[in-house]
Amino acid sequence: MTWNALFCAASFFLSVPPQVDTGRTEVHYTVSAHDAMGTEDRIRVDVTMRVVHPPPRMVVEIPVWAPGSYRLRVFPDRISRIEATDREGGDLEVERLHRFRWQVKTASDELTLRYQVELRGDDRFMMRGTQRRCITYEGPAVYMYLRDHKDAPCHVEFDIPDDWDVGCGLDHVEGRRYFASDYDFLADCPVKLGKFQRFSFESHGKPIDVVVDGPGDLEFDSEGWVANINKITDCQGAIFGGFPFEKYTFLYTASPGGGGGGLEHLTSTAIGITARGLRRSPRSGMSVTAHEFIHLWNVKRLRPRELGPFDYTRPNRTTALWIMEGITSYYTQVTLARCGLLDEDGFWKS
């Protein structure tokens with residue numbers, strides 16, 4: 001079997017969602033970011049987590065590990081002001097069991113947990129300093145989850161200023177309401193909230209969104225740049241026989257200074273580029289774009305067993321980096337060459 005055929009087969013089987021009976025337990029999040037631009041270095045986000053039909057002894061956790069970045073994080077230290085109420089609004093005791101774990105006991109069929117999250121001005125893919133028009137966060141930094149109930153469906157509503165927009169890979173319901181089939185999908189989707197430029201196109205019959213978070217609306221060859229992204233998605237979709245998603249979102253942070261790289265996700269990717277490079281050339285960021293989009297199959301669906309279902313309480317170690325990044329890097333260059341974004345000499349040098 002060829003590598004292409006193997007990837008296509010693995011992508012088909014691993015992209016089928018698990019048929020899990022979640023019972024009646026559902027989680028409804030409201031993320032309020034009205035005061036998010038209040039300070040340069042500390043950004044406050046208020047979260048309401050409403051649980052319908054919670055277990056009698058409900059244990060919630062905040063991850064210490066995040067998909068995509070694959071490293072230990074300090075998310076528990078950013079959580080504060082936790083309080084809980086039952087359906088009637090009565091106060092419930094919240095007991096901290098561990099650095100990243102809390103317990104709430106209730107006999108109510110509905111429970112609401114409220115807490116604050118502190119984002120940092122130097123978080124990855126967050127625009128730095130006073131030029132910030134948009135905040136960016138990783139799902140594990142903001143969303144607590146029900147221990148032993150990560151398969152419960154998750155609903156998210158964004159409470160943000162009227163002139164703000166939402167950029168993410170979650171399933172859009174209507175307005176500013178989104179849906180994730182389970183916590184793993186919710187945690188895997190980074191979010192941008194604020195003012196940014198948005199472009200869109202179709203590839204293999206599927207809609208693709210392109211979000212550019214920059215220091216103001218940037219003047220650049222957006223038509224040529226988006227066309228190059230389209231070439232990459234068309235090429236890779238042809239290699240793998242179509243897409244394992246209904247919609248995909250590229251989340252670019254075009255900063256005035258440095259900052260690059262990217263993180264792969266199931267229906268989106270977060271990528272750092274420079275505003276200067278974007279203004280200079282419609283090929284800016286195409287290598288990292290091709291690399292992260294290949295991860296859509298290799299790593300996110302064809303993956304080591306250690307990388308899913310995830311354990312958010314500890315590092316998820318694997319020795320398979322050689323295939324996760326090695327094959328992805330190879331196909332990055334193949335893609336650029338087939339798209340005409342890398343000449344033959346450049347391909348062999350790479």
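This is a predicted model: local features need pLDDT of at least 70, side-chain atom pairs count only at pLDDT 80 or more; totals for chains, interfaces and linings use all residues.
## Ground rules

Local features need pLDDT of at least 70, side-chain atom pairs count only at pLDDT 80 or more, and totals for chains, interfaces and linings use all residues. Residues are numbered from 1 along each chain as its sequence is written, and side-chain values use heavy atoms, without hydrogens and water.

## Helix H4 meets H8

Helices (H or I, at least four residues) and strands (E, at least two) are DSSP runs, numbered from the N terminus. H4 spans residues 222-240 and H8 spans residues 326-338. Their axes come within 9 Å and cross at roughly 120 degrees. Axes are lines fitted to C-alpha atoms, for helices over the stretch in contact, and angles run from 0 to 180 degrees between N-to-C directions.

The crossing is right-handed (the near helix is turned clockwise from the far one by less than a right angle). Contact means heavy atoms within 4.5 Å. H4 contributes Ile 232, Cys 235, Gln 236 and Ile 239. H8 brings Tyr 331, Thr 335, Leu 336 and Arg 338.

## Helix H4 meets H6

H6 covers residues 286-294. The axes of H4 and H6 come within 10 Å and cross at roughly 30 degrees. This crossing is right-handed. Among the H4 residues in contact are Trp 225, Ile 232 and Phe 240. The H6 side includes Met 286 and Phe 293.

## Glu 110 in strand S8

Glu 110 sits in strand S8, residues 110-120. Leaving out residues up to four places away in sequence, Glu 110 touches Arg 50, Val 51, Val 52, Pro 54, Thr 85, Asp 86 and Arg 87.
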